[in-house]
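Student: Hey, can you walk me through this one? I'd like to start with the inside and then ask about charges and rings.
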Amino acid sequence: MSRVEILAPVGSPEALTAAVRSGADAVYLGAAAFNARQNAQNFDDAALRAAVAYCHARNVRVHLTLNTLVREDEMDAALAVAHTAAAAGVDALIVQDRGLARRLTAALPAMPLHASTQLSCHTPAGVRALRDAGFSRVVLAREMSAAEIAACAGLGCELEVFVHGALCMSVSGQCYLSAMLGGRSGNRGRCAQPCRLPFRASDRKHAPTTDRYALSLKDLSLADHFDALVAAGVCSLKIEGRMKRPEYVAAATAYYAALRDGVTPDATARENLQSVFSRSGFTDGYYTAKRGGGMFGYRRHEDVTAAASVLRDLQRSYDREVGRVSVTAVLTAQPARPLTLQVTDGTHTVTVTGETAVSDRPPLPTERVAAQLQKTGGTPFVMQRVTVEGDGAFAVSALNALRREALEQLEVLRGKPAEIVYSDKLPPAVSRQESPLWANEKPHLLVRLSSAAQLTDTVRHTADGWFLPLGEQCDTPWGVEIPRGMFGSEDAVRRELKAAAQSGVRYALCNNVGAVPLAVEAGLIPVGGFGLNLMNGEAVAAYAAEGLAAATLSMELTFKQTAFAAVSPLPTGLLLYGRQPLMLTRNCPRQCEGASCASCTPSDGVTDRRGVTFPTACAGGCTELLNAVPLYWADRLNEVPAADFYLLHFTVETPDECGQTVLAYRNGGKATGEITRGLYRRGVE
């Protein structure tokens, strides 16, 4: 790309017009299904074709969001959307599901694939892995600092970074809060945004109804860091907001387009940008590595009223077509021959003819002809040069008619899709891989522990294997868990994995696309955790090709929807116990009220407006928001489908509770206290 791309959000035809007329280089939008903003207006097949034609006529690229997880029974439907997109001429597909991406690299090898931020990529190893899997671009996690972004550049893969708009509290792709609380999955485009409701630090003396929003961050703005992002090697600057109004799209796009063009927006433009939408203002805390309480914010009454005052002015900012495409014209006016106008943009050329030129009256001056042909208002074209050949005379009205006809034809020609051929080719088959671990009686009981103190004799003698946090030592090494968040710590993780392998550790639990190659590099056997979001057999195959030895299936599947595991290329398992992590955050929610790490205990967390407390657990520089009650199936194991292993995920439990729970899953046992069955029965939208 010759210059940095300003990538604008489009959730409706009106927003499309606003984005293009405000200076976007590219837009991203969703089809009717399989996009992460299912509640946006989105584009059906006909509207998608029209949108692509409109954009391409104006030198604007179109990226289609296919960025949700795809169940096994939905794969053909998702591929059909991709087929339609290819026929419409879209320029790239943004994809989250590794299984869908694997199918697309076979069926549409010429289609650029962009790895969605939902893939939670935030390390150089993750970028390399996605590059090698066929992605030409990676949309990095929003929580990364300037140095962490720069470390991912120059690896043979384009980088796209969010620079403006809403910030989720959770790392994208690692949030299950909406799914667990209401069955509406953020990984499938149905997030109900429960995080924007009041939450407070659970040990603070506040009533649940006070304005404490411990899971809500201010909106992002990296406008002040524009030049640094470009210098770091970022090729695309992305604006969030497919659910927002066209006026917001216009304001944000115009602001960043001005920076791209070397123009410093004035104070009014900055005020409009904040007024049209913000949550208590903006933050750049992740980028500057200045995380903390100052990053939190919510949509206040004054934020809403501020928007009303700027909407009308912003509407006027995009109510007219903007010329973006340079063209030249040659007018031939030979007496007694039809008037001919040829217009070209350098790639496409159209020729139109009109009335017969005559010689019985003076011809129009060349300057007058040029002036008439340069009247391209209301079109996407700008006339750069006009050449007149011949001295025939004609009426001005005839010249105007030729200009209109030529430009209309050129617009249609430019908008015709360059269709990418779709085939039914399948990716290479991956044969079933077995490890000695799975050779004995199944299912195996694997245990994830949060500390070595939980590794009691009962756990050792009852479980078939256990994972301790990377860096924790024990006298009988088995497996380590690589942190789900490795922001800026890849080199340290690499060293610790090497040391673990030298101490006798054999296995590594991997919950991120960047963790798998690090485990393989260290000589450990990687086991995929829930954070890989494996919803179909092709996704398992994609990771198997990268060295994964076993896979925990997505906890957003029902038991019935895991049937594909019977023919999986890898041993597969289910997470069957634990306070499931509902969020992975880089800014501790308790920082909203200034809670200190020194005073935090395992029972602390955040409390919602109903008085329900969700514990928090910190590791690897990140915080996990845990479910209020544990997932439990030890008393209903007869209802659990066949699996190679069960994974028990211990977090805030005492050592005795860990031992008792492992025994219950080995021998069967009723739960004590409140529990949840998770989503294995009810599923998600």
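Tutor: The largest nonpolar core has 187 residues, and Val27, Leu64 and Leu93 touch the most other members. A nonpolar core here is a set of buried Ala, Val, Leu, Ile, Met, Phe, Trp, Tyr and Cys residues joined through side-chain atoms within 4.5 Å. Buried means under 20% relative accessible area, exposed means over 50%, and partly exposed is in between (1.4 Å probe, protein chains only).

Student: Which helix gives the largest share of this core?
Tutor: Helix H3 (residues 75-88), with eight residues. Helices (H or I, at least four residues) and strands (E, at least two) are DSSP runs, numbered from the N terminus.

Student: Is this model predicted or what, and how are things counted?
Tutor: This is a predicted model, where local features need pLDDT of at least 70, side-chain atom pairs count only at pLDDT 80 or more, and totals for chains, interfaces and linings use all residues. Residues are numbered from 1 along each chain as its sequence is written, and side-chain values use heavy atoms, leaving out hydrogens and water.

Student: Back to Leu64, what does Leu64 touch?
Tutor: Not counting residues up to four places away in sequence, Leu64 touches Leu29, Gly30, Ala31, Leu48, Val81, Ala85, Val90, Ala92, Leu93 and Ile94. Contact means heavy atoms within 4.5 Å.

Student: Which residues of helix H14 are buried?
Tutor: In H14 (residues 366-373) they are Val369, Ala370, Gln372 and Leu373. They cover an arc of only 160° around the axis, so they sit on the same side of H14. That arc is taken from the directions from the helix axis to the C-beta atoms.

Student: And what covers the buried residues of H14?
Tutor: The cover includes strand S12 (325-332), strand S13 (338-344), strand S15 (381-389) and helix H15 (396-415).

Student: OK, charges now. How many salt bridges does the structure hold?
Tutor: There are 38 salt bridges, each one a side-chain nitrogen of Lys or Arg within 4 Å of a carboxyl oxygen of Asp or Glu. One of them joins Glu546 and Arg98, with the closest N and O atoms 2.5 Å apart. Glu546 lies in the loop between helix H19 (537-544) and strand S21 (550-552) and Arg98 in helix H4 (residues 98-107), so the pair ties together parts that are 448 residues apart in sequence.

Student: Is Arg98 buried or exposed?
Tutor: Arg98 is buried, at 5% relative accessible area, whereas Glu546 is partly exposed at 22%.

Student: What about Glu538 and Arg102?
Tutor: Their side chains meet in a salt bridge too, 2.7 Å from N to O. Glu538 is in helix H19 and Arg102 in helix H4, 436 residues apart.

Student: Switching to rings: how many aromatic pairs are there?
Tutor: A search of the whole structure finds 13. Rings of Phe, Tyr and Trp (its six-membered ring) pair if their centres lie within 6.5 Å; planes under 30 degrees apart count as stacked, over 60 as edge-to-face and the rest as tilted. Tyr248 and Phe277 form an edge-to-face pair, 6.5 Å centre to centre with 80° between the planes. Both Tyr248 and Phe277 are buried.

Student: What lies over the face of Phe277?
Tutor: Arg299, at 3.9 Å from the ring centre. A charge sits over a ring if NZ of Lys or CZ of Arg is within 6 Å of the ring centre and within 35 degrees of the ring normal.
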